[in-house]
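Please look through the structure shown below, and then read the notes that follow, which are grouped by topic.

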Amino acid sequence: MSSEARYLHPQAEPLLDARLFPADFGNLTAKVERLARKLAESAVERDRRGGHARAERELIRDSGLLNLAIPQRFDGAERPWPEIYRIVRHLAAADSSLAHLFAFNHLQVATVLLHGSAEQQRHWLTRAARERWFWGNASNGRDLGLQLQAREEHFELNGRKSFCSGALGADALVVSAPRTGSASERVFLVLPAQREGLAINDDWDAFGQRQTDSGTVQFENVFVDRDELLLSGGHSPRSSLRVCVSQLILTQLYLGNAQAALDGALRYVREQARPWAGAGVEAAVEDPFIQKRFGELWLLYRGALLLAENAAERLQRAWDKPALGAAERGELALLIAETRVASARAALEISSQVFEAMGARASASRYGFDRFWRNVRVHSLHDPLDYKVRDIGQWLTRGVAPTPSLYS
């Protein structure tokens, strides 16, 4: 098999260089690696095509990995967040869009755990584990185009939501709507995705993260039972951990793309790149400028990775506390803000600068090297990084930690 064929068919090689990007997930390692390889096989082609990846979503469902955030008491696998995040990161190196769907499934489970009553948790999560549910969402907090209206014995939803990642093809949705009488407060609720009056549209059209099913959902007189409203979370520091879970998901997607870009570029330079005529070396890997560039990019990646690992451990400690204090929650939010900014900046630099090391031939569309930058660029706009930096500066200058919000 030629070096080009080996690169274009990643199932013939380890997904990532284990020396640089170790993939150890304990007794889940074989499952994770098998899924990652299957997703990687068609990732470049599917990125070009976009649309709904039905078959690949079923691969995720069949992997048995959708229940990692569900507690054992509800028949789930109950893995800690640092381990879940490492799996998300590894899958993102294979296919960033499908890793996004995988991770957002776990975010919806976290929402039920943080905002649902004990009975609601038991009801929804036991069903999810036993029936192998794939969760989606319609909970974009900035989109106020959905109204929850009280009726005599139930509620009704009318309007639309945008950026509904994972909604298409989901079994259940976590939905948010403004609380009755308040435009600034919202309530979460759980709905079966087949509920009458729901229209889930295949209209996502971004240049990156192209198979995240992040289109719009329309609601027309959608029935909501009172028990489907998740009303027990309130506004406690613990309930606000949902946004912390979410922000660290974004971080893993950035770092997964950075890993894939670095790994792919290193393979390409070792196997295919030709040395520049004026370099005076026989192989591209001997070029001191290429060596220096990879060294600089590696330092960016490693710094962001260490922040991400630390933040995930701190999140787990906060998650395990029944009563989380506001000060500790604020410290965690600061650490996550640092992690998100560092990871996004590192991934954008890495996914762009690897082309300087690989050269012009690597821009051929058959390789799909550009997808890593496109994925990070689209996802890093989820909420402005500048406001994360502002939060950090505010803490440095005034000693004020971020207050819980939709994005901090």
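In this predicted model, Asp213 is buried, with a relative accessible area of 5%, and its place is the loop between strand E6 (198–200) and strand E7 (217–224). Asp213 is not a glycine, yet its phi is positive, at about 50°.

**Helix H8**

- Helix H8 (residues 241–271) has 31 residues and reaches 45 Å from its first C-alpha to its last, which is close to the 45 Å expected at 1.5 Å a residue.
- Of the 31 residues of H8, 29 are buried, so this helix is largely enclosed by the rest of the structure.

**Packing of H6 against H8**

- The axes of helix H6 (residues 96–115) and helix H8 come within 10 Å and cross at roughly 165°, which makes H6 roughly antiparallel to H8, since angles over 145 degrees are counted in that way.
- The crossing in which H6 passes H8 is right-handed, and the residues that make the contact include Ala99, Ala103, Phe104, Leu107 and Leu114 of H6 together with Leu241, Val245, Ile249 and Leu253 of H8.
- By class, the contact of H6 with H8 comprises 10 nonpolar, seven polar and one charged residues.

Note on methods:
Residues numbered from 1 in each chain as written. Predicted model: local features only at pLDDT ≥ 70, side-chain atom pairs only at ≥ 80, totals over all residues. Heavy atoms only, no water. Axes fitted to C-alpha atoms, helices over the stretch in contact; angles between N-to-C directions. Helix = DSSP H or I, 4+ residues; strand = E, 2+ residues; numbered from the N terminus. Parallel < 35°, antiparallel > 145°, perpendicular 65-115°, else oblique. Left-handed = near helix turned anticlockwise from the far one by under 90°. Contact = heavy atoms within 4.5 Å. Nonpolar A, V, L, I, M, F, W, Y, C, P; charged D, E, K, R; others polar. Expected span 1.5 Å × (residues − 1). Buried < 20%, exposed > 50% of the residue type's maximum accessible area, 1.4 Å probe, protein only.
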